[in-house]
Amino acid sequence: MFVHREAVRFRDLDPMGHVNNAVFLTYIESARVAFLRHLGAAPTLEDMGIIVARVEIDFRAPVRLGDEVEVTVRASRFGDKSFVDGNVVAEAKTVLVTYDYSKREPVPIPDEWREKLAA
């Protein structure tokens, strides 16, 4: 498992003083990019051939200014062209699809990615 940490910023807050629900998507995205770079699967933006197909988030408790959010990332299930990326911030699951932006179509998960993500 990979752990990414994010400090809660003032701009993350809603008028009630806790992190706006939409900001959790940014935390998840930051963790996903850090995870793929850490694995060496996508060291540059050009190598980041994925699109988000689905996100589910269950919010458990408010997060406030001064808190630090730990986002734990792991790949939990692989399809041919998609994999599920289970992130724990609240509780979230993201389905990602490997994608060729030049051809504008989904592509099979590279074998190198499979090996790194399954490790």
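## Salt bridges and a surface patch

The side chains of aspartate 12 and arginine 11 meet in a salt bridge, with 3.9 Å between N and O. This comes from a predicted model, and the values that follow should be read with that in mind.

Side chains of opposite charge can pair when their charged atoms come close. In this model the count comes to nine salt bridges, and the table sets out some of them, including the one already described.

| Salt bridge | N to O distance |
|---|---|
| Aspartate 12 and arginine 11 | 3.9 Å |
| Glutamate 6 and arginine 9 | 3.2 Å |
| Arginine 54 and glutamate 56 | 2.9 Å |

For the pair made by glutamate 6 and arginine 9, the value in the table is the distance between the closest N and O atoms. Glutamate 6 is buried, with a relative accessible area of 10%, while arginine 9, at 29% relative accessibility, counts as partly exposed.

In the pair of arginine 54 and glutamate 56, whose side chains also meet in a salt bridge, arginine 54 is partly exposed, with a relative accessible area of 47%, and glutamate 56 counts as partly exposed at 32% relative accessibility.

Which residues form a nonpolar patch on the surface? The patch consists of Leu25, Val52 and Val55, which together have about 210 Å² of accessible area. One of these residues, leucine 25, lies in helix 1, the helix that covers residues 23-39. Its relative accessibility is 41%, and leucine 25 therefore counts as partly exposed, a class that lies between the cut-offs of 20% and 50%.

Helix 1 is also the place of glutamate 29. This residue is partly exposed, with a relative accessible area of 42%. How far is glutamate 29 from glutamate 68, in sequence and in space? The two are 39 residues apart along the sequence, and their C-alpha atoms are 16 Å apart in space.

Conventions: Residues are numbered from 1 along each chain as its sequence is written. This is a predicted model: local features need pLDDT of at least 70, side-chain atom pairs count only at pLDDT 80 or more; totals for chains, interfaces and linings use all residues. Side-chain values use heavy atoms; hydrogens and water are left out. Patches are made of residues with over 30% relative accessible area and no salt bridge: like charges are joined within 9 Å, nonpolar side chains (Val, Leu, Ile, Met, Phe, Trp, Tyr) within 5 Å. Accessible areas come from the Shrake-Rupley method with a 1.4 Å probe; for residues, only the protein chains shown count as cover. A salt bridge is a side-chain nitrogen of Lys or Arg within 4 Å of a carboxyl oxygen of Asp or Glu. Helices (H or I, at least four residues) and strands (E, at least two) are DSSP runs, numbered from the N terminus. Buried means under 20% relative accessible area, exposed over 50%, partly exposed in between (1.4 Å probe, protein chains only).
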